[in-house]
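Subject: Structure for you to look at

Hello,

Here is the structure I promised. My notes on side-chain pairs follow below it.

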Amino acid sequence: MPVIETLERPAAVLRGRRLEYFTVVWNTLEGLIAVVAGIVAGSISLVDSEWIAFIEVTSGSVLLWRMSVDSDVHRRPRNEKLALRIVGVCFLVLAAYIAYDSISDLWSKRAPETQHWGIVLACASLVVMPILSRAKRKSGPVPLGSAAMHADAKQTNFAPTCPPSCSWACLLNALFGLWWADPLAALIMVPIITKEGIEGLQGKACNDCCG
C-alpha cells in the first residue's frame, strides 16, 4: 500500500495521536470507574475489568510513542516493528487473561454479576470502541503505512467483547439462565487474539504496510 510522504502525512500523524490520546484517556477513566464501582458494589467482575483497560492503555501509549517519532524517516521502519511487537505482546496478554478468566468462570460456574455500573460501562464500550477502531483502521495502512496502528485498532475492537461483557451476558443469564454464554464466547475469541499477537511479534503485518 502507498505511504503518503507529503504534507498530508503530518496531518495523518496528528489524527493518529489524537485517536490514541482518546484511547488512553477513555480506558484510564473506564478502569478507574470500574474499580471504584466494583469496590463500592462488592463486584469482583467490575474490578477484574481494570486489567483489560490497562492493556488498552499500554497499547495506546505505545502508539503515541510511535506517532511522536514518525518524523524520523530513517528509523521509522525500526520504530514501526518495535511498536508492532509490543502491541503483539499486549494481544497475547489479553488472550491469556481472557482464557484464564473464562476457564475460571466455567469451572466455578460463576454467573455474571448484575451490576448497573457494569452494564453502563459495557454498553458504552460496545458503542465507542467499534467507532474508535474504525477510525484507527483508516489511519493505519493508509495513509501512515502503520501496521502497529492497524493492529491496535483490532485490539480496540476486541476489548468490549471480552469478559466481563455484562450487558448481554447478564441479560442472557437473567432470562434463560445461560450463565456460561459469556465465558464460552470469550474462549472462542482466544485463538483469534493469540494469532494476532503472534503475527505482531513476528512483524508479519509490517511487510504488508510499511514503506
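Glu20 and Lys136 form a salt bridge through their side chains, at 3.5 Å from N to O. The pair ties together distant parts of the chain: Glu20 sits in helix H1 and Lys136 in helix H5 (residues 116–138), 116 residues apart. Please keep in mind that this is a predicted model.

Glu20 is buried, at 0% relative accessible area. Lys136 is buried too, with a value of 0%. Leaving aside neighbours within four places in sequence, Glu20 contacts Gly60, Leu63, Leu64, Lys136, Met149 and Asp152.

The whole structure holds seven salt bridges. Two others are worth a look.

Arg66 pairs with Asp70, with 2.9 Å between the closest N and O atoms. Arg66 counts as buried at 1% relative accessibility. Asp70 also counts as buried, at 4%.

Glu199 and Lys195 make another salt bridge, their closest N and O atoms 2.8 Å apart. Both lie in helix H8 (residues 181–202), four residues apart, or about one turn. Shared partners also join salt bridges into one network of Arg66, Asp70, Arg76 and Glu80. Lys195 is partly exposed at 47%.

What about aromatic pairs? A search of the whole structure gives one. Phe22 and Trp26 are stacked, 5.9 Å centre to centre, with 25° between the planes. The planes count as stacked because that angle is under 30 degrees. Both residues belong to helix H1 (residues 8–41), four residues apart, so about one helical turn separates them. Phe22 is partly exposed at 38% relative accessible area, and Trp26 is partly exposed at 24%.

Best wishes

Note on methods: Residues are numbered from 1 along each chain as its sequence is written. This is a predicted model: local features need pLDDT of at least 70, side-chain atom pairs count only at pLDDT 80 or more; totals for chains, interfaces and linings use all residues. Side-chain values use heavy atoms; hydrogens and water are left out. Rings of Phe, Tyr and Trp (its six-membered ring) pair if their centres lie within 6.5 Å; planes under 30 degrees apart count as stacked, over 60 as edge-to-face and the rest as tilted. Helices (H or I, at least four residues) and strands (E, at least two) are DSSP runs, numbered from the N terminus. Buried means under 20% relative accessible area, exposed over 50%, partly exposed in between (1.4 Å probe, protein chains only). Contact means heavy atoms within 4.5 Å. A salt bridge is a side-chain nitrogen of Lys or Arg within 4 Å of a carboxyl oxygen of Asp or Glu.
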